[in-house]
Amino acid sequence: MQSCGVAMATSSVKSFYILHFSLVVFYGCVMNKYFPYIALALLALVPLLGLNSYLMHILILVVMWSVIGMAWNLLSGYCGQVSFGHAAFFGVGAYTSGMLYTKFGISGWWGLPASIVVVTLFALVIGYICLRLRGPYFALATLSIGVILKIVAENLVSVTGGDLGIMIRERSWVEKTWYYYIILAIAALSFVLVKKIIGSKLGYYFVAIREDQDAAESLGINTTLYKTIALCLSAVITGFAGAFYTNYMGYIDPKVVFALHDISIIAIMVVMVGGVATFSGPIVGAIIMVVLAEAIRSIPLLGNAHHTFFGILLIVIIIFLPNGIVGDFSKLQKLLGLPKRAS
Amino acid sequence: MSFLEIRKVYRFFGGLAAIKDVSFELRQGEILGLIGPNGAGKTTMFNVVNGFYHPSRGEVLFKGKKISGSKPHQICQQGIARTFQVVKPLQRMSVLDNVVASAFLRAKDKRQAGEMALESLHFTGLYNDRDVISRGLPLGKRKRLEIARALATLPEVLLLDESFAGLNPAELDDSVDIIRRIRDKGITIMIIEHHMRVIMAISDRIVVLNYGEKIAEGTPLDIRGNPLVVEAYLGETPRA
C-alpha cells in the first residue's frame, strides 16, 4: 500500500518535472530568435504526416486565422485603431477573387495579386472617412462598414450574384496539401512583414499614435498619414486571406465573408485571446479559437451556442489575462499553479 | 524679419475670447517667459503657436513664413517643438523608445535615431532611466522626458508648458540648469511658468497675459514693478 503511494508520488513528481522542463524548453525556444524558422520548417513537414482531410482543413483554418489576426493586430494592437469591421476587407478580398472568376473567366488565384490593388483602394476610401474619428467612434464606424458591405453584396445581384453567392466550379486541387502550403507561405510572409514593420520607424510611429495621438502629432508624426498606412497594410493582409478563402472553399456568399460574428469579431477574439501587440499572439489565438470553435460545435444541443461560449471566454480573458495568453504568460503560469520559469 | 512673430491673434471658443488681440515676438536665442493668472490664455497661446488650434483671427509667422493654419506635425517639422503641461508620455513604451519615436523625425535610420535619443537622454539626465516603462516614472522625470522628447526633434524653438510645476526644490534646480543648457545650445525658448522666482531668474523678457489680453511686456525688472501685473496677480489695489 505504502510503496504504491510512494511510487505514485514519485511518478507524479517525475511528470511534474518533465512538464516543468518542457515548459522551460518551450519558453527558451520562444525567446530564441530562430524559433520562428524552426516552427516554419516543422509546419512545412506536417503534410508528410498524412493527416486526414478534416485535420488538414482545421490546420488550414488555423493558419488563415493567424494571418487575419496578424493583420488586425497591426492596425488595432500596435496602432491602437480598434476595428470591428475586418470582415469588410476579408470580404472585398474574397469577392475580388470570386468576381475575377465569374466576370472575367480567369482563375480565382489571380485574386491574390488583384486583391492588393482593390483592397488598398477600398481601404484608402474607408480610411479617409473613418480615420478622422478616434477611439470607440472609429470602432463603431468600421463596424457599420462591415454591415453595409454585406447588405450591398446581398443586393447588388448583377455584380456579386447576391445571396446565391459565387461558386468556383474548377477546383485547383482535391488534396488540401497545396492549399496548406499557399496559406502557410502567406502566413510566413505576413509574420516577417509585421515583424519588420514593428521594428522600424513605422512601428515606433504606430505605437506612439496608439499611446497618445496628440503627443505623437506634436512630435512631428503625421498621424493621419501613418494611421492610413496601418489601415492599408492591415486591410491588404486581411484581403489576401479573403482571396485565399474563395479559392480554398470554392464558394462564398455575403453572409459568410462579410459576417460580423464569424469574421470581424473572431478576428478580435483571436488577438485578444492570444495577446494584443505581440508577434506570436495571433498564432496562439488562432489555434485556440479554431480548435475551440470545432470542439464546441461538436457538442450536441449546445453546439449552436458557440458564440455564447466565445463571449464568456472573452470576459474571462479580459478579467484574468487582459494582455492575452502570450502577453500575460507569466500570469497564466501563476494562475494555473505552475512553477515560474527558472531564471 | 522677426524670428517668431505672433501678430494680432484672436482665439474664440464659442462666445468666449480666450485670446484677444495679442501680438509679441520671440527673438532668436532668448528665453521668453509667458506668465499670467490661471485662465489667462497661456496654454491656448501655445496651442495656437504649435498648431493644435488655428487662430480665429491674426497669424503666427516663423522666420517670415506663416505657420498658423498648418498642422502640429508640420510645425514640428519646421522646428518648433513643445512640451505639455499635463504630461503625455507614451505610457507603455520605455523612456528610450519614447525619445526614439520622436528622434525619427530627423534621423535617417533606426541606428541614428537611437544615438540621437541617447544623447537627448544624457542631456536631460534620464539616461539611467532609459529602460523604465514611462508609465512608472515619477512626475519630475516625466516632465524631463517631455523635454528630452521635444529636444530629440532638433528644434529651433522650444515651447515649455509648466515644466516646473509640482517639482521639489532639488528637481527645480536640475530643470533650471537643463533649460539654461538648452539655451546655450542655441535653441530659443518660450516658457510658461507659475514659479515667479524661477521665471524672474531665467527669462530675458516676459510677456504677461490676463483674461486673454497682453497687459505687459518687458524685462523681469520692468514686470516686477508694473502695477497692472501686480493687480492681475494680487487683485485690485484699493484706491485712496
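In the predicted model described here, the secondary structure of chain A comes to 17 helices and two strands, where helices (H or I, at least four residues) and strands (E, at least two) are DSSP runs, numbered from the N terminus. Residues are numbered from 1 along each chain as its sequence is written, and chains are lettered from A and ligands numbered from 1 in the order in which they are written. Because the model is predicted, local features need pLDDT of at least 70 and side-chain atom pairs count only at pLDDT 80 or more, whereas totals for chains, interfaces and linings use all residues.

Chain A has an average pLDDT (the predictor's confidence in each residue, from 0 to 100) of 87, and 89% of its residues score at least 70. Over residues 1-9 of chain A, pLDDT stays under 50, and for this stretch the model has zero contacts beyond four places in sequence, two residues being in contact if their C-beta atoms, placed from the backbone, lie within 7 Å. Of the contacts in chain A between residues at least 6 apart in sequence, 75% join residues at least 24 apart. Of the 343 residues of chain A, 42% count as buried; a residue is buried if 20 or more other C-beta atoms lie within 10 Å of its own, exposed if 12 or fewer, and partly exposed in between, with C-beta atoms placed from the backbone.

Between the two chains, 16 residues of chain A are in contact with 20 residues of chain B. On the side of chain B that touches chain A, helix 2 (72-77) and helix 3 (95-103) of chain B each supply at least two residues. By class, this side of chain B has eight nonpolar, six polar and six charged residues, with Ala, Val, Leu, Ile, Met, Phe, Trp, Tyr, Cys and Pro counted as nonpolar, Asp, Glu, Lys and Arg as charged, and the others, Gly among them, as polar.

Within chain B, six strands form an open sheet of mixed pairing in the order 6-7-8-3-9-10, two strands being paired if DSSP finds at least two bridges between them. Strand 6 (80-82) and strand 10 (213-218) of chain B stand at the edges, each with a single partner strand, so one side of each is left without a neighbour in the sheet. From one strand to the next the twist averages 20°. Strand 6 of chain B runs parallel to strand 7 (residues 157-161) of chain B, to which three bridges join it, and B:Ile80 has B:Val157 in strand 7 as its bridge partner. Helix 1 (residues 42-50) of chain B packs on the sheet, touching strand 3 (31-35), strand 6, strand 7, strand 8 (188-192) and strand 9 (205-210) of chain B, and its direction makes about 150° with that of strand 7; axes are lines fitted to C-alpha atoms, for helices over the stretch in contact, and angles run from 0 to 180 degrees between N-to-C directions.

Strand 3 of chain B is mostly covered, with five of its five residues buried. In a regular strand the side chains alternate between the two faces of the sheet. In strand 3 of chain B, B:Ile31, B:Gly33 and B:Ile35 point one way and B:Leu32 and B:Leu34 the other way. Four bridges join strand 3 of chain B to strand 8 of chain B in a parallel arrangement, B:Leu34 being the bridge partner of B:Ile192 in strand 8. Four bridges also join strand 3 of chain B to strand 9 of chain B, again in parallel; here B:Leu34 is partnered with B:Val207, and B:Ile35 stands opposite B:Val208. Strand 9 and strand 10 of chain B, by contrast, run antiparallel and are joined by five bridges, among them one in which B:Leu209 is partnered with B:Lys214 of strand 10. These two strands form a hairpin with two residues between them, and B:Tyr211 in the turn has a positive phi of about 45°.

The domain assignment of chain B gives domain 1 (1-79 + 155-240) and domain 2 (88-154), the bounds coming from an automatic or database domain assignment. The centres of the two domains, taken over C-alpha atoms, are separated by 25 Å, and 11 residues of domain 1 are in contact with 12 residues of domain 2. On the side of domain 1 that touches domain 2, helix 6 (169-184) of chain B gives two or more residues, as does helix 2.
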